[in-house]
Amino acid sequence: MKEELRIGVYVCHCGLNIAASVDCKAVAEYASKLPDVVVAKDYAYMCSEPGQNMIKEDIKNEKLNRVVVASCSPRMHEPTFRTAVQEAGLNPYLFEMANIRELCSWPHEKEPEKATEKAKELVRMAVAKARLIEPLEPRTVGIKPSALIIGGGVAGIWASLKLASSGFHVYLIEREPTIGGHMAQLDKTFPTLDCSACILTPMMVDVSRHPNITLLAYSELKEVEGYVGNFKVKVLRKPRYVDENKCIGCGTCATKCPVKVPNEFELGLGTRKAIYVSFPQSVPLKYTIDRDHCLYFQKGVCRLCERFCEAKAVDFTQEPKEVELEVGTIIVATGYDMYDATKAKEYGYGRYKNVVTALEFERITNAAGPFHGKIARPSNGKKPKRVSFILCVGSRDERADGIDYCCRFGCTAAIKQAYILKNKFGEDVDVDICYIDIRTFGKGQEEFYRKVRNMGVNFIHGKPSEIRELPDGSLVFDVFDTAANTLLNIKADIVVLMTGVVPSKGAKELAEILKVPLSSDGFFMEAHPKLHPVETVTEGIFVAGTAQGSKDITDTVSHAGNAAAVAGTLMSQGEVKIEPITALVDGDLCRGCGKCEEVCEFNAIRVEEVQPFTWTRVLNAKVNEALCRGCGVCAVACPTGAITMKHFTDKQVMAMIKAAT
Ligand code: FAD
């Protein structure tokens, strides 16, 4: 006998988020008259404990067998309400949600009557669907206790160490020959002024020694298949032309190499050989041959490195190698890149030798840098008498070539560099910081700003419009200080550009391989900015550090620790539930044309031969439920209507459309 439908409808005020424009009482009143609705209520916060308890009590007392909540987006609270419904003994998929916040109260904030009417419509549609929904059972699959971490900056290093020390195996891949990322290039770190290398390099060594970490440096991700708990990945190991197992990092090869080229780690301010390590504390400390500059690869001559290597580690025959790994979770920690300063043409970067970026200035002040810590003008090696910083170059800039967000560390990084100058040269150097706003919001940063102000640094509220170079390499510019209402004409020996921050090169391609979305700024998008800041919308794939958005080291490390904790919690469960909202093929209607297979991004549907032992060859599409993400593209592409999406069947969708019209 067909079960009698008993639907409960709950309209959430979301404080004033919904109730300010939607008359929630009127919506509940309206819902109470819809077919099969036996209870309809409104409440201030349906997601709160009293709100959830109200639903649970009604399920028991009113014998509800379908529940509709009209509130925020399913992404925000569908799991909350499904759990509540399940706790009251109902199948969690007998729940339906109407989004009357993002789709209604927010866009129609100023039209309360229309918003209320639209909310009624959305509820009517949800009830129409709820009348047709059916129970579904999630499947469980085992989860591998290992993680892939992409990117070996401080975020990737921190997440690797946390997971490895919790007993999980970590594969850390880094595309450069060494781990360390940007932090390895910094001199001191604000606000405490610790030496960056002194904090970072011991962690890098811990990574290389940890029994639970396999470090794959000079490697890149090529392919990912599978699903949460069971990802199959292919990693490309680029040839170093040096056998990592034999190289002892003695450096004899580099001393013998006759070729000198600009050193990328020093941002071109110093040189390296064609066989090189990025910096002396590189991890792994293994040499790499730069094929584009090696005389043997380019002209077939030399091989001095090979001749003098006592460990016999040089191997010109190495080829790229593909490694296959199986992991339960993936953490993206690919960091950031700097905005290209040549785009800010008015400042002459690339044309004027003494205009440098802030990252270059980190190398200039660094004792291990190209000038051995002797702070000097790049044009003539002389001590500067005046250094001017320009903040927000390219960032917080809505022009075509600019980026509109804040890098969140630029102000304090410039203040730190000003401190280093003043601390070293005292009254002998004048330092200006030209700013739009000073944002020193992190712990201890405001105090640090005050300290540097008291050291005599000139803070100028204004942005120079253009820099000109004098014949002696000095730089002149005008800046209108709006705080002092004065036009200043400044002649500086060095100008430092605090450029903005952009997503790391290749982020888009990586996002495509991983099938995770990027935010509009190009950084990896978190599942929810407040509640799920390290999860992506793809289960089992997480994001850590500046790969998600620009941040300083303190915030990067907290974010990476959180990513490791969430990934670790998932893996420690041993198994994971797979969403049952997947595609379903009707074998009688399917004619095996393969259109579904062509459009499926997740390799979740394949055409296979059925009844292989009969004379007639019958082809049918088969869905791998673990891989299927329920996106519905296959159902749209199917010319015979053989594919149904569970929980979004044609009947259910048509009922909603009918209810809307
Ligand atoms: P990154 O350091 O960018 O590391 C990302 C790593 O991922 C890199 O090693 C990269 O090679 C690798 N990678 C990228 N793509 C791939 C791929 N596809 N496959 C494999 N590997 C990949 N913060 C402070 O708190 N204090 C300071 O004093 C300070 N000073 C700064 C000064 C300057 C001038 C700048 C620019 C920044 C400063 N910062 C400071 C910020 C600090 O640099 C960052 O917070 C920190 O480095 C972010 O670390 P990360 O691991 O997220 O990213």
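# A chat about a predicted model

Mentor: Of the 661 residues of the chain, 52% count as buried. Buried means under 20% relative accessible area, exposed over 50%, partly exposed in between, with a 1.4 Å probe and protein chains only.

Trainee: What sort of model is this?

Mentor: This is a predicted model, where local features need pLDDT of at least 70, side-chain atom pairs count only at pLDDT 80 or more, and totals for chains, interfaces and linings use all residues. Residues are numbered from 1 along each chain as its sequence is written, and side-chain values use heavy atoms, with hydrogens and water left out.

Trainee: How many helices and strands does the chain have?

Mentor: The chain has 19 helices and 34 strands. Both are DSSP runs numbered from the N terminus: helices are H or I with at least four residues, strands are E with at least two.

Trainee: And what does the C-alpha trace span?

Mentor: About 90 × 75 × 40 Å along its principal axes. The accessible surface of the chain is about 31000 Å², and 52% of that belongs to carbon and sulfur atoms. Those areas come from the Shrake-Rupley method with a 1.4 Å probe; for residues, only the protein chains shown count as cover.

Trainee: Which domains is the chain divided into?

Mentor: Domain 1 (7-130), domain 2 (146-335 + 506-572), domain 3 (337-502) and domain 4 (583-645). The bounds come from an automatic or database domain assignment. The centres of domain 3 and domain 4, taken over C-alpha atoms, are separated by 60 Å.

Trainee: Let's switch to the ligand. How many residues surround it?

Mentor: 35 residues surround the ligand, and the closest are Glu 174, His 182, Thr 546, Lys 551 and Ile 553. A residue counts as near if one of its heavy atoms lies within 4 Å of the molecule.

Trainee: Which residue has a side-chain N or O atom 2.8 Å from an oxygen atom of the ligand?

Mentor: Tyr 336 does. Phe 190 has a backbone N or O atom 2.8 Å from a ligand oxygen. For Val 154, a backbone N or O atom lies 3.2 Å from an oxygen atom of the ligand. A polar contact is a pair of N or O atoms within 3.5 Å; within protein, one must be able to donate a hydrogen and the other to accept it, and residues adjacent in sequence count only if both atoms are side-chain atoms.

Trainee: How much of the ligand's accessible area does the protein cover?

Mentor: The protein covers 96% of the 1000 Å² that the ligand has on its own. Elements giving two or more residues to the shell include α7 (154-165), β7 (169-174), α13 and α16 (553-572).

Trainee: Which element gives the most to that shell?

Mentor: α12, with 3 residues.

Trainee: Is α12 enclosed or open?

Mentor: 8 of the 8 residues of α12 are buried, so α12 is largely enclosed by the rest of the structure. Among the buried ones are Phe 361, Arg 363 and Ile 364. Their cover includes β8, β19, β20 (355-357), β21 (386-393), α13 and β27 (494-499).

Trainee: Which residue other than glycine has a positive phi near 55 degrees?

Mentor: Tyr 218. Tyr 218 lies in the loop between β10 (213-217) and β11 (219-227). At 16% relative accessibility, Tyr 218 counts as buried.

Trainee: Back to Phe 190. What kind of peptide bond joins Phe 190 and Pro 191?

Mentor: A cis one, with omega about -10 degrees. Pro 191 lies in the loop between β8 and β9 (194-195). The bond from Val 283 to Pro 284 is also cis, with omega near 0 degrees.

Trainee: Last one. Where is His 647?

Mentor: His 647 is in the loop between β34 (643-645) and α19 (650-660). At 6% relative accessibility, His 647 counts as buried. Leaving out residues up to four places away in sequence, His 647 touches residues including Arg 82, Tyr 93 and Gln 652. Contact means heavy atoms within 4.5 Å.
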